[in-house]
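Reader: I have a model open and want to learn how to read it. Can we go feature by feature?

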Amino acid sequence: MAQSKAQLLEDFRTTTIGNCTRCKLHATRSTIVFGEGNPEAQVMFIGEGPGKDEDAQGRPFVGKAGQLLTAVIEKGMKLKRSDVYIANVVKCRPTVNLELKRDRPPDDEETAACGPFLRQQIEIVKPKVIVALGNPSTKFLVNPKDGITKVRGVWHLYNNIPVMPTFHPSYILRNGGDNSPLKRFLWEDIKKVIAYLNGEITFEDIFGKPALAIDISINVDTNEKRDDEVQGSLF
Ligand code: SF4
């Protein structure tokens, strides 16, 4: 009998990743943050790496940024956090000079060592859509020539899976806190994901052809007007 996605993920976590020491981040981690959520999820959220809270708890997005992401999922998308799958490009906490004081994005060596784990998780979960949170995860998945400010809100493809890049919740909170004006952009991007999940826009609408292994990016206009007030009341 074929293994379930949950079994495949668990086997992968225990047998392949195990007590991984493939990059220098193993030296300072408390726990490997594998990722969590519904193995059958339609939506996968991907960040860059665990922070202090995540390292301590062994779960992704559990700090302040995690609260914002959870609000987006639950209040904005009307899903339960347990309905989606959440993971990062690297599974151990990257800090400046490995001093555990200031978090930083994963470097190329760490991304090269750990990235294949994420690719395998995506391969197992096979989500209908991926939301890439911030520059490192967007670069890892679709390698656009521009940064997140330009590519957010623009559909891309990863192995035939639509990818919506948007701002990382930490970046949003660093730029204005709970009242950050960047929340509006996050909500605009998430509305496109909702429209895709609801079937209001299709793969063909977005990419101009049926699902094929192609690598293009097209800006999608869902004809939805900005609705700051709605977002403001959601998260
Ligand atoms: S970040 Fe990834 S590759 Fe590096 S030690 Fe942790 S699990 Fe292994």
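Reader: Where is Phe-61 found?

Author: Phe-61 sits in the loop between helix H2 (52-57) and helix H3 (64-76). Keep in mind that this is a predicted model.

Reader: What should I look at in a loop residue?

Author: Start with phi. Most residues other than glycine have a negative phi. Phe-61 is not a glycine, yet its phi is positive, about 50°.

Reader: Is Phe-61 buried or exposed?

Author: Count the C-beta neighbours. A residue is buried if 20 or more other C-beta atoms lie within 10 Å of its own. Phe-61 has 28 C-beta neighbours inside 10 Å, so Phe-61 counts as buried.

Reader: What is the phi of Lys-126 near?

Author: The phi of Lys-126 is near 50°, again a positive value in a residue other than glycine. Lys-126 lies in the loop between H4 and strand E4 (129-133).

Reader: Let us turn to strands. What is the general idea for side chains?

Author: In a regular strand the side chains alternate between the two faces of the sheet. Now look at strand E3 (residues 85-88). Tyr-85 and Ala-87 point one way, and Ile-86 and Asn-88 point the other way. All of these are buried.

Reader: In which sense do E2 and E3 pair?

Author: E2 and E3 pair in the parallel sense, over four bridges. Ile-46 stands opposite Ala-87 in E3. Strand E1 (residues 36-37) also pairs with E3, but in the antiparallel sense and over two bridges. There, Glu-36 stands opposite Ile-86.

Reader: What else does Ile-46 touch?

Author: Leave out residues up to four places away in sequence. Ile-46 then touches Ala-87, Asn-88, Val-89, Leu-118, Ile-130, Ala-132, Leu-133, Ser-137 and Leu-141. Ile-46 also belongs to the largest nonpolar core, which has 53 residues. Those with the most contacts inside this core are Met-44, Phe-45, Ile-46, Val-72, Val-84 and Val-131.

Reader: Which helix gives the most to this core?

Author: Helix H8 (residues 183-197) does, with six residues.

Reader: How do I tell whether a whole helix is enclosed?

Author: Take helix H5 (residues 135-142). Six of its eight residues are buried, so H5 is largely enclosed by the rest of the structure. The buried ones are Asn-135, Pro-136, Ser-137, Thr-138, Phe-140 and Leu-141.

Reader: What covers the buried residues of H5?

Author: The cover includes strand E2 (43-47), H4, E4, helix H6 (148-151), E5 and E6. After H5 comes Asn-143, with a positive phi near 45°.

Reader: Why is strand E5 called largely enclosed?

Author: Four of the five residues of E5 (residues 154-158) are buried, so E5 is largely enclosed by the rest of the structure. Three bridges join E5 to strand E6 (residues 161-166), and the two run antiparallel. Leu-157 stands opposite Pro-162 in E6. The hairpin has two residues between the strands, and Asn-159 takes a positive phi near 45° there.

Reader: Where is the place of Pro-169?

Author: Pro-169 is in helix H7 (residues 169-174). It has 28 other C-beta atoms within 10 Å, so Pro-169 is buried. Beyond its neighbours up to four places away in sequence, Pro-169 touches Ala-65, Leu-68, Leu-69 and Leu-133. Pro-169 and Lys-183 are 14 residues apart in sequence and 8.5 Å apart in space, C-alpha to C-alpha.

Reader: Now the ligand. Which residues are the closest around it?

Author: The closest are Cys-20, Cys-23, His-26, Cys-92 and Cys-114, among 14 residues that surround the ligand. By type, the shell divides into nine nonpolar, two polar and three charged residues. Helix H4 (residues 108-125) supplies the largest share, three residues.

Reader: And the whole chain? How many helices and strands does it have?

Author: The protein chain comes to 10 helices and seven strands. Its radius of gyration is 17 Å, close to the 18 Å that the globule rule gives for 235 residues, so the chain is as compact as a globular protein of that length. Buried residues make up 41% of the 235 residues.

Key. Residues numbered from 1 in each chain as written. Predicted model: local features only at pLDDT ≥ 70, side-chain atom pairs only at ≥ 80, totals over all residues. Near = placed C-beta within 6 Å. Nonpolar A, V, L, I, M, F, W, Y, C, P; charged D, E, K, R; others polar. Core = buried A, V, L, I, M, F, W, Y, C linked by C-beta atoms within 7 Å. Buried ≥ 20, exposed ≤ 12 C-beta atoms within 10 Å, placed from the backbone. Contact = placed C-beta atoms within 7 Å. Pairing = 2+ DSSP bridges. Rg over C-alpha atoms; globule rule 2.2 N^0.38 Å.
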